Amino acid sequence: MGTKVILSGWELENPVIPASGTFGFGKEFAEFYDINCLGTFSFKGTTREARFGNPTPRIAECREGMINSVGLQNPGVDHVIAHELPEMKRYFHKKVIANVSGFSVEDYAVTCQKLDAQEQVGLLEVNVSCPNVHNGGMSFGTTPEAAAEVTKAVKAVTTKPVYIKLSPNVTDIVSIAKACEEAGADGISMINTLLGMRINLKNKKPVVANKMGGFSGPAIFPVAVRMVYQVYEAVGIPIIGMGGVSTAEDVIELMLAGATAVQVGAANLVDPFACKRIIEELPAVMKKYGIENLSDIIGGAH
């Protein structure tokens, strides 16, 4: 049974990766189980400067998922390099994915250049769902031009594979993915959260202080499958798929749509053992569907 997959030359034992922001720097989960069973994990979205994040409340529950508006709270790239990465060596012995956010093109370039130099970083995942402060707050991922500009700037100062994490809150995700590929991206990560909202019936106000937030969880899985499928048809670079994944079957479905590896996000917040369980279930599910090697099924639905 082969669960190995290769992401831009980097061999992973299996395709299961906790998604950024749902796994911190792995420390809390390492107290529950040996997280070295993971393919790898994407650590907390890191910015150039430390960020306190958004006002509370930041979380709203929904029937089929959750809404969060954490606001990229993180200690900043220098602190991550000085403290989080050295500490991580003690409990995680593989390379990790560095997830980077920014509010200007320069932010992305500076942060990526610093993280690219760290031996523990296997690839850079660049989140273009952040508001562009120099351009009226529209996110970098909403136009092909802006996404390409970030891609070019990051590729110019880095040596490791660069995967651009795309927002699904667009009318045409394919044109954005193609623009990233043309600008030199090594891969695409998708999808980030949809935009959602809840209203409290008692006080008749939005539940989340920021009014709206990122909607994740099982409800968004069919959107992820559709978008990964569309982008796989249009680009020749690998895709890390995510969005509502909570079972081994989901992993296989996203891989058939075109994903080389799969991230698990909100499920970690419901069940800290979610990724471990999915990895343990994979061989039986592969057997059930007559799959010898996972790497053979990538894009198999096309």
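Thr-260 is placed in the loop between helix 7 and strand 15 (261-264); helices (H or I, at least four residues) and strands (E, at least two) are DSSP runs, numbered from the N terminus. The structure is a predicted model, in which local features need pLDDT of at least 70 and side-chain atom pairs count only at pLDDT 80 or more, while totals for chains, interfaces and linings use all residues. Residues are numbered from 1 along each chain as its sequence is written, and side-chain values use heavy atoms, with hydrogens and water left out.

With a relative accessible area of 8%, Thr-260 is buried, a term that means under 20% relative accessible area, against over 50% for exposed and partly exposed in between (1.4 Å probe, protein chains only). Apart from its neighbours within four places in sequence, Thr-260 has contacts (heavy atoms within 4.5 Å) with Val-5, Ile-6, Leu-7, Pro-15, Pro-238, Ile-239, Met-255 and Ile-298.

Helix 7 (residues 248-257) also meets helix 9 (residues 274-288): their axes come within 8 Å and cross at roughly 70°. Such axes are lines fitted to C-alpha atoms, for helices over the stretch in contact, and angles run from 0 to 180 degrees between N-to-C directions. Helix 7 is therefore roughly perpendicular to helix 9, a class that covers 65 to 115 degrees, with under 35 roughly parallel, over 145 roughly antiparallel and the rest oblique. On the side of helix 7, the contact is made by Ala-248, Glu-249, Val-251 and Ile-252, and on that of helix 9 by Ile-278, Glu-281, Leu-282, Val-285 and Met-286.

The aromatic rings come next. The structure holds seven aromatic pairs; rings of Phe, Tyr and Trp (its six-membered ring) pair if their centres lie within 6.5 Å, and planes under 30 degrees apart count as stacked, over 60 as edge-to-face and the rest as tilted. One of the pairs is Phe-41 with Phe-92, edge-to-face at 4.9 Å centre to centre and 65° between the planes. Phe-41 lies in the loop between helix 1 (27-30) and strand 4 (59-62) and Phe-92 in the loop between helix 2 (77-91) and strand 6 (96-100), so this pair ties together parts 51 residues apart in sequence. Both Phe-41 and Phe-92 are buried.

Tyr-108 and Phe-140 form another edge-to-face pair, 5.3 Å centre to centre with 85° between the planes. Tyr-108 belongs to helix 3 (residues 105-116) and Phe-140 to the loop between strand 7 (121-127) and helix 4 (144-156), 32 residues apart. Tyr-108 and Phe-140 are buried. Finally, Phe-23, Phe-29, Phe-41 and Phe-92 form one aromatic cluster.
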